[in-house]
Amino acid sequence: CPRCCQGAVWHSAFHMRESCNHCGLVYEREPGYFTGAMYASYFLGIFITLPVWMFLLLGGSTLSLVLIVGIGMVVLLTPVSFHYSRVFWMHIDCYFNPTTFTDP
């Protein structure tokens with residue numbers, strides 16, 4: 001939770017809680033709130049996979065191997081990226097708009 005840093009954001013693998021179970025903060029601030037999380041997910045994906053791609057490319061691997069490894073990493077890391085991008089997005093929003101995250 002970006003407000004209290006104690007409440008759980010996720011209820012299960014792909015089910016996000018509607019609000020913090022500790023402080024009551026409603027996570028989805030407005031319709032389409034997590035659209036910005038797509039950018040965070042993209043950033044996390046590039047940040048995690050880029051070193052592997054560069055190592056393979058500079059190591060002389062074939063393009064097909066680089067693509068297979070890259071696509072495999074994206075498929076495996078999508079659930080992790082999905083979770084952390086939403087949490088990351090909420091923390092960015094909390095940092096730049098702290099007044100919207102204050103206690104009622």
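Trainee: In what order do the elements of the chain run from the N terminus on?

Mentor: Helices (H or I, at least four residues) and strands (E, at least two) are DSSP runs, numbered from the N terminus. In this predicted model, the elements run β-β-α-α from the N terminus on, and the chain has 2 helices and 2 strands. Residues are numbered from 1 along each chain as its sequence is written, and side-chain values use heavy atoms, with hydrogens and water left out. Because the model is predicted, local features need pLDDT of at least 70 and side-chain atom pairs count only at pLDDT 80 or more, whereas totals for chains, interfaces and linings use all residues.

Trainee: How do I read the radius of gyration of the chain against that of a compact globule of 104 residues?

Mentor: The radius is taken over C-alpha atoms, and the globule rule is 2.2 Å times the number of residues to the power 0.38. For 104 residues a compact globule would come out near 13 Å, but this chain has 17 Å, and its C-alpha trace spans about 60 × 30 × 25 Å along the principal axes.

Trainee: What percentage of the residues of the chain count as buried, and what does the accessible surface come to?

Mentor: A residue is buried under 20% relative accessible area, exposed over 50% and partly exposed in between, with a 1.4 Å probe and protein chains only. By that scale 27% of the 104 residues count as buried. The accessible surface, from the Shrake-Rupley method with a 1.4 Å probe, where for residues only the protein chains shown count as cover, comes to about 7,200 Å², and 70% of this belongs to carbon and sulfur atoms.

Trainee: Which residues touch the most other members of the largest nonpolar core?

Mentor: A nonpolar core is a set of buried Ala, Val, Leu, Ile, Met, Phe, Trp, Tyr and Cys residues joined through side-chain atoms within 4.5 Å. The largest one here has 14 residues, of which Met 16, Tyr 27 and Met 90 touch the most other members. Contact means heavy atoms within 4.5 Å, and, not counting residues up to four places away in sequence, Met 90 touches Pro 2, Val 9, Met 16, Tyr 27, Tyr 33, Phe 34 and Phe 101. Among contacts between residues at least 6 apart in sequence, 52% join residues at least 24 apart.

Trainee: Where is the place of Glu 28, and which residues does Glu 28 touch?

Mentor: Glu 28 sits in the loop between strand 2 (15-16) and helix 1 (37-58), and is partly exposed, with a relative accessible area of 46%. With residues up to four places away in sequence left out, Glu 28 touches Tyr 33 and Phe 34. From Glu 28 to Met 90, 62 residues apart in sequence, the C-alpha to C-alpha distance is 9.0 Å.

Trainee: How many aromatic pairs does the structure hold?

Mentor: A pair of aromatic rings is described by the distance of the centres and the angle of the planes. Rings of Phe, Tyr and Trp (its six-membered ring) pair if their centres lie within 6.5 Å, and planes under 30 degrees apart count as stacked, over 60 as edge-to-face and the rest as tilted. The structure holds 4 such pairs, among them the tilted pair of Trp 10 and Phe 82, at 5.3 Å centre to centre and 55° between the planes. This pair links distant parts of the chain, with Trp 10 in strand 1 (residues 10-12) and Phe 82 in helix 2 (residues 63-96), 72 residues apart. Trp 10 counts as buried at 17% relative accessibility, whereas Phe 82 is partly exposed at 28%. Another of the pairs, Tyr 33 and Phe 34, is edge-to-face, at 4.9 Å centre to centre and 75° between the planes, and both Tyr 33 and Phe 34 are buried.

Trainee: How many disulfides does the structure hold?

Mentor: A disulfide is a pair of cysteine sulfur atoms within 2.5 Å, and the structure holds 0 of them. Cys 1 is in no disulfide, and the nearest cysteine sulfur, that of Cys 23, is 3.6 Å away. Cys 20 is likewise in no disulfide, with the sulfur of Cys 1 as the nearest cysteine sulfur at 3.7 Å. Cys 1 is buried, with a relative accessible area of 8%, and Cys 20 counts as buried at 4%.
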